[in-house]
Amino acid sequence: MKIHDAEDVQYLLRTTGRKLSPNQRLVVLLYASAEQNPDGTVMTRATELAETAGMTPPVFSRTRKELCEAGWLEETGKFGRVSLYRLNRAMFTDRGAAGRHLHAVRTG
């Protein structure tokens, strides 16, 4: 899931409302709005994302771990000792092609 416009933001807010805590919703929005590789992996450092959200790195890390355990985020690999993450597309299947936007563009 990648945010392209206000409609995407509204969709994410509706989808995460009453399911996630405010910190978790912020992290989902950060991952959706960050620059992504074609597979959806976000390469932005966690410390930078935490600073953007006004969170301390430990709070951001704990929140990201909670989202991984709940299935909203998934680890896609490592770059050295740094783990890389992306939003889990399965959480956005009700969005149709828009929820899989990057995948759909990449495969044709």
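This is a predicted model: local features need pLDDT of at least 70, side-chain atom pairs count only at pLDDT 80 or more; totals for chains, interfaces and linings use all residues.

User: What share of the residues is buried?

Analyst: Buried residues make up 37% of the 108 in the protein.

User: What about the surface? How much of the accessible surface belongs to carbon and sulfur atoms?

Analyst: The accessible surface is about 6500 Å². Carbon and sulfur atoms hold 51% of that surface.

User: Switching topic: what is the volume of the largest pocket?

Analyst: Its volume is about 250 Å³.

User: Which residues lie nearest the centre of that pocket?

Analyst: Thr44, Arg45, Ala46, Val82 and Ser83 lie nearest the centre. The lining has 14 residues in total.

User: Which elements give two or more residues to that lining?

Analyst: Helix H3 (46–53) and strand E2 (82–87). E2 gives the largest share, with four residues.

User: What classes of residue are in the lining?

Analyst: Nine are nonpolar, three are polar and two are charged.

User: Now glutamine 24. Where is it?

Analyst: Glutamine 24 sits in helix H2, which covers residues 22–33.

User: Is glutamine 24 buried or exposed, and why?

Analyst: Glutamine 24 counts as buried, because its relative accessibility is 13% and the cut-off for buried is under 20%.

User: What does its side chain lie close to, in terms of polar atoms?

Analyst: A polar atom of the glutamine 24 side chain is 2.8 Å from the backbone nitrogen of serine 21.

User: Leaving aside neighbours within four places in sequence, which residues does glutamine 24 contact?

Analyst: With those left aside, the contacts are Thr63, Glu66 and Leu67.

User: Last one: proline 57. Which helix is it in?

Analyst: Proline 57 is in helix H4, residues 57–70.

User: How far is proline 57 from threonine 47 in space?

Analyst: They are 5.7 Å apart, C-alpha to C-alpha. In sequence they are ten residues apart. Leaving aside neighbours within four places in sequence, proline 57 is in contact with Thr47 and Ala50.

How values were computed
Residues are numbered from 1 along each chain as its sequence is written. Side-chain values use heavy atoms; hydrogens and water are left out. On a 1 Å grid over the protein atoms alone, a cavity is a set of points where a 1.4 Å probe fits but cannot get out, and a pocket is an open set with protein on both sides within 12 Å along at least five of seven lines; lining residues have an atom within 4 Å of a point. Grid points are joined across faces, edges and corners, and a volume is the space filled by probe spheres set on the points. Ala, Val, Leu, Ile, Met, Phe, Trp, Tyr, Cys and Pro count as nonpolar, Asp, Glu, Lys and Arg as charged, and the others, Gly among them, as polar. Buried means under 20% relative accessible area, exposed over 50%, partly exposed in between (1.4 Å probe, protein chains only). A polar contact is a pair of N or O atoms within 3.5 Å; within protein, one must be able to donate a hydrogen and the other to accept it, and residues adjacent in sequence count only if both atoms are side-chain atoms. Contact means heavy atoms within 4.5 Å. Accessible areas come from the Shrake-Rupley method with a 1.4 Å probe; for residues, only the protein chains shown count as cover.
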